[in-house]
Amino acid sequence: MTSNPTATEPTSTPRIGPMRWFIRGVVGLVLAVGLLAALPLSSALAAGEPAQAPAFPSTAPERAIASLVDATVVGYDRGDTVAFLPADFETRLGYRPVVVDGRAMNPDGDCSSPVPLPDRFADACRVHDFGYDLLRYADAVGRPAAPWARPALDRMLIDDMHATCDDLLCHAAAETARVGLSLNTWRQRSGPPRRESGTEIVRTLLTRTVQTAIPMTNGDAA
């Protein structure tokens, strides 16, 4: 007697419920945001390694910045940075830098950071503020400083911060400042520091990120 083969029932494709689609969407969004956040951060940190100041800076503000960050370049002590100040610096910026422990600084400068920083960083921030004011002055008179200047000032600040540290928390605070500083300088293309609204900061950050990502998709460096 011949037996009839048992018919094979069709297998059903498991359905992915709405919750699974939701979870997948959330995971994808998190990954996308993470990649978008990592791109500007990694680019900023890579760009934060400045070139050395030129042997013969072309303008008075650049010579002052060079002496501030690397006195050996121009043959002056750091405290003599004020010798390079343009005659109208005090008129335009509203103050004359003071020299404390051999360093020229903005007497009213501070560590303008969204997170609290150790008080021991105060003088380092005042020196950095003075350097940024030199960048603003150069821009105001129509001769912006070369792209080496702002990253060099940023590196000087972080080095000065670390020099004051004697514990891990302090060094961690200096590194936190480095990340924020590098990101802001990268966002503003190493140009003169400008005051911006929150909306402008977000817009320029997104613009810079997209402009960096597009060449990378074509295999080019940003």
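Trainee: What is the mean pLDDT of the protein?

Mentor: The model is predicted; local features need pLDDT of at least 70, side-chain atom pairs count only at pLDDT 80 or more, and totals for chains, interfaces and linings use all residues. Residues are numbered from 1 along each chain as its sequence is written, and side-chain values use heavy atoms, with hydrogens and water left out. The term pLDDT is the predictor's confidence in each residue, from 0 to 100. Here the mean is 78, and 67% of the residues reach 70 or more.

Trainee: How many aromatic pairs does the structure hold?

Mentor: A pair of aromatic rings is described by the distance of the centres and the angle of the planes. Rings of Phe, Tyr and Trp (its six-membered ring) pair if their centres lie within 6.5 Å; planes under 30 degrees apart are stacked, over 60 edge-to-face, and the rest tilted. The structure holds three such pairs. Phe89 and Tyr95 are edge-to-face, at 5.7 Å centre to centre and 80° between the planes. The pair of Phe89 and Phe130 is also edge-to-face, because the ring centres are 5.9 Å apart and the planes are at 85°. Phe89 lies in helix α4 (residues 89-93) and Phe130 in helix α5, so this pair ties together parts that are 41 residues apart in sequence. Phe89, Tyr95, Phe130 and Tyr137 form one aromatic cluster.

Trainee: Is Pro107 buried, partly exposed or exposed?

Mentor: Buried means under 20% relative accessible area, exposed over 50%, and partly exposed in between (1.4 Å probe, protein chains only). Pro107 has 35% and is therefore partly exposed. Pro107 is found in the loop between β2 (103-105) and α5 (122-140). Contact means heavy atoms within 4.5 Å; beyond neighbours within four places in sequence, the contacts of Pro107 include Tyr95 and Arg126.

Trainee: At what angle do α5 and helix α6 pack?

Mentor: Two packed helices are described by the angle between their axes and the distance between the axes. Axes are lines fitted to C-alpha atoms, for helices over the stretch in contact, and angles run from 0 to 180 degrees between N-to-C directions. For α5 and α6 (residues 149-164), the angle is about 175° and the axes are 9 Å apart. That makes the two helices roughly antiparallel (over 145 degrees; under 35 is roughly parallel, 65 to 115 roughly perpendicular, and the rest oblique).

Note on methods:
Helix = DSSP H or I, 4+ residues; strand = E, 2+ residues; numbered from the N terminus.
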